[in-house]
Amino acid sequence: MQVPRFPVAGETISASSFTAGAGGKGSNQAVAVSRLGVESAFVGRVGDDDYAADAEALWAREGVGAEHAERVSEATTGVAFILVDDDGENQIVVSGGANNRLGSSEVEAARDAIADADVLLTQLEIPVAAVEAALDVAGEVGTTAILNPAPGHGLPREVVAKADYLTPNESEARVVAGYGPDDDVSDETVARDLHAMGAGTVVLTQGANGAMALDDDGVTSVPAPDVTVVDPTGAGDAFNAGFAVGLHEGKPLREALAFGCRVGSLATTAEEVVPALPSREAVEEF
């Protein structure tokens, strides 16, 4: 829903528009990778409902491998409710639904797919046990592992340490590091804390300010392109897809960051998530 401002507790306000479309971080990321011209596959769960049919049609249309995205009858397909205000900020509430049924055994069944991949990209709209299992498989088969800790919540140190790349935004980074989401502490300090938890490289997205990466060699920062923001929903998913594609293509860290920032920035210039995910041609032209 497009709203003039966010409501306060107990208040009802009127929205100027409503749209419904496909979403979910893992699905968004897989579609974004495919649109960037790179083969992608999705591991997850959907319910036995109309939303599942919509998701399956999307993956088929976008060329996303969905062999490991099975239906379960005991839960609904995951959904999210999103408010976007006139300043382009958003508030999101997610119900994981069937993806809450994803466990280590389902991840293990996708071992061959993870082994065939150059990059594994996982996030926190699935149980932490499934995330950890995916990171374990990636480590065993030699696949580069990206953990996008979103939605942000606390994580065991041993899970963080299994990620070759940890890619939070500013609030997520603070939560994973043990701070409050808006605590007054510098991004570099937070990134160093996360690196000390064992993450190989911490990639911290900073919205309109771009992104920074911290590893054993120091700090690398890149600016974000100047764009007119229409809807920021999904920008983080687009960045992660672009960054993953950059690593897949062997780009140096700074170039992979910059490519991710271009993809993420372009994704904010149109309404809704999937319609706004850019093609490779659009990114190259930009």
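A crossing of two helices is called left-handed if the near helix is turned anticlockwise from the far one by less than a right angle, and right-handed if clockwise. Everything below comes from a predicted model, where local features need pLDDT of at least 70, side-chain atom pairs count only at pLDDT 80 or more, and totals for chains, interfaces and linings use all residues. Residues are numbered from 1 along each chain as its sequence is written, and side-chain values use heavy atoms, leaving out hydrogens and water.

**View 1. Helices H1 and H2 cross in a left-handed way.** H1 covers residues 25–35 and H2 residues 50–62; they pack at about 20°, with their axes 10 Å apart. That makes them roughly parallel (angles under 35 degrees count as such). Here Ser 27, Val 31, Ser 34 and Arg 35 of H1 meet Leu 58, Trp 59 and Glu 62 of H2, with contact meaning heavy atoms within 4.5 Å.

**View 2. Phe 42 and Trp 59 make a tilted aromatic pair.** Ring centres must lie within 6.5 Å to pair; planes under 30 degrees apart are stacked, over 60 edge-to-face, and the rest tilted. These two sit 4.8 Å centre to centre, with 40° between the planes. Phe 42 belongs to strand S1 (residues 41–47) and Trp 59 to helix H2, 17 residues apart. Trp 59 is buried at 3% relative accessibility (buried means under 20% relative accessible area, with a 1.4 Å probe and protein chains only).

View 3. Phe 243 is buried, at 0% relative accessible area. Tyr 165, Phe 239 and Phe 243 form one aromatic cluster.

Note on methods
Axes fitted to C-alpha atoms, helices over the stretch in contact; angles between N-to-C directions. Helix = DSSP H or I, 4+ residues; strand = E, 2+ residues; numbered from the N terminus. Parallel < 35°, antiparallel > 145°, perpendicular 65-115°, else oblique. Phe/Tyr/Trp six-rings, centres within 6.5 Å; stacked < 30°, edge-to-face > 60°. Buried < 20%, exposed > 50% of the residue type's maximum accessible area, 1.4 Å probe, protein only.
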